[in-house]
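Biologist: I would like to learn how to read a few features of a model with you. Could we go through them one by one?

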Amino acid sequence: MKRLPNIIRLLLLICSAAVIPDCAKIPELHEQEAEPDSRVSLSVEEARRYFESEYRTLSVTKTVNGEDRVPWLMPGDITPMWEKAVESWKGNTASVDVEVIPTYRYKAVRSEFRNGKAEAYSVDVYQKLVVVKKHDDETGEDRMGQYILTLIPDKGYDRSHRGNVAERFINTGDKGSYSGLAVYFCGGLPMRIAWYENGKETGWISAFTAGDTNELLYRVSIIIRELSDIKFLRCLAVRTKYGEDIWDDWDDPWSGDEDYGGQLPPAIVYPEDNPFPGNDDWYEPPETDSYEEGGMSEGDWDSGWMLPDDSSGAVIEEPEVSPEQERINNIASTLESKISSTIENIKDKVTFRIGTPNQNTLTSSTMTMNDVFDKTTDLTFYIQPGLDETQQKLVLAHEYMHLQLLEISRNAGSLGALGRENPELMTAINTNGQDVNAGHHEYMGSHIDELETMLREAFPGESDEFYEYGKWGGGAFDSDAFDELPLSEQYKIIQYLQNNDLMSK
Amino acid sequence: MIRHLVIFFSFIFCALLSSAQNPVYVVFTSNDLQTDFSTVNFPVPDYDKSESRDQPHMFRLRNRPVKFFRTFYYDNRKDCPDNPPIVKPVSYLDTVEYCDWDKLCPDLTLGEAKALMDEWWEKQVYFIDRREIKDGMMRMYPVLEMRSNY
């Protein structure tokens, strides 16, 4: 290759010096963590001994009334591949991640809204064994536990990352650029769910830090509900004659290809209504030291139920009947009573709870595209704790207006039908790039007086600003209707929302 | 030689693109009329009056045909370090990359506008209103976008 002229080489060198520091500032997709302060260690050998002695607590299978059952989303009997185990640690927690040979594999089927219709797609579900040791700084003791880590990647991540996703997600180590869900099963129950984007945890719900049995079951039910918009297909795990896993040979039932290699076709699996099948006693706090066979033993409650990072605490921080939750319930009941006829179906499907997966907003919901047209699905709204009463009233009123619009679309059943029954709402959704939330806000802007009426009827005695300015919160100010207001009014509204911390900055 | 120059300038371009933390300078001509494409510079507080110092200074970008509206504000408080706004000669714009909103706005789709706002969300944004240019000097407002948080 001909040498570059010296002047060009010098200029390139100068440019490199300018670019590299900036490139260094750009965070990696998965940030390199600082050298962990290792106060605990866990070897593969120790993890194996624990697994073999405590295998029963994983509850990958259960015997109920003499019949073997595989709990929801459990892999069945597993064979850990200890030779591929990976050790890691972070802070006071050490883990050993172990790839397993399962009896069952799963696919997660979701739907997305494209070109005016819902389209189903599936992603593989990846599961592995994780054994954890945690050091308790207060007592100085080490506690161990184990769970089945279940990874449900987002569609984008799944399509761009072939092979075993579980290999790239290390419990107390690097998560790569993983985007999707991570669900931790212990004793056959989903005890923790975490959302990831580009390798960063963006939210979680945990039952590990529940104070008592009732709270634990409540949190587990919330986690199950979070997964309720996903259909899971279970099939016997298929291996090649060489004993290799087949990751790419799964015949997608949605493609119409029904050759399952001699296996039974995949079965859709659902969580049991009773998380302890055959043991209704487990809904009551245990009063005796003995427990029916097939359930969990007392020791299970006290064994190593541990998180990758326990110190961050649970998202749901309040017991069900906390004063704040009670106020939310009262506000919701008041609003519901005023608009009951316009939310006749959806009102029985929705729950408002203190706690939010996204800490940067005052509220978020479990709404997906499935919920826009399917009237059978449940919805949960999480309200950030610590809001004052003004914020709670305005936020919930706004969400109830969303529910009114969802009732319209769910009654219609499809975008096409919505177009015939309420063309204005369909147009608002369509012109906002089929962003339902933005479309609703556009519609609300044009129907803002209806929200004001709701506020006045539900909450009499508030200030004029509460009704006239507060109604524009929640995104309705990003609408044509707001834009047509006199500038002085726009300014006052924005000031009111800003002063009441109803806008992020 | 030409090929080497092409490589060199491509490198410069990539260097500028990769410098993700550079501030964004947005130049516009404010327009209080209710037109389809405009930027509204809310009534400018009189900085000589102490009471106006506590009022946030609002801006609103608008592309009505695609239903795009965004509100920005400049924190006009007494203890704000940029109070009053930064004043620089207009020639400063010759030394930086700036976005001419008057030209850009009408051609944006809704998706492009939203993506641009997401990009700005991560950076320091300065608004410059051509109507406030006087005697070769311009005001630069460090602004923040206001978004609903529910």
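**A sheet and its helices**

Modeller: Gladly. In chain A, strand E15 and strand E16 (residues 379–383) run antiparallel and are joined by three bridges. Helices (H or I, at least four residues) and strands (E, at least two) are DSSP runs, numbered from the N terminus. Strands pair if DSSP finds at least two bridges between them. This is a predicted model, in which local features need pLDDT of at least 70 and side-chain atom pairs count only at pLDDT 80 or more, while totals for chains, interfaces and linings use all residues. Residues are numbered from 1 along each chain as its sequence is written, and chains are lettered from A and ligands numbered from 1 in the order in which they are written.

Biologist: Which residue of E16(A) is the bridge partner of Ser365(A)?

Modeller: The partner is Phe381(A).

Biologist: In what order do the three strands of the open sheet lie?

Modeller: The order is E14-E16-E15 in chain A, with mixed pairing. Strand E14 (350–354) and strand E15 (363–365) of chain A each have a single partner strand, so they stand at the edges and one side of each has no neighbour in the sheet. On average, neighbouring strands of this sheet are turned by 20° against each other, direction ignored.

Biologist: Which strands does helix H8 (residues 389–412) of chain A lie across?

Modeller: Axes are lines fitted to C-alpha atoms, for helices over the stretch in contact (C-beta atoms, placed from the backbone, within 7 Å), and angles run from 0 to 180 degrees between N-to-C directions. Helix H8 of chain A lies across E14, E15 and E16 of chain A, at about 160° to E16(A). Helix H6 (residues 323–338) of chain A lies across E14 and E16 of chain A, at about 150° to E14(A).

Conventions:
Two residues are in contact if their C-beta atoms, placed from the backbone, lie within 7 Å.
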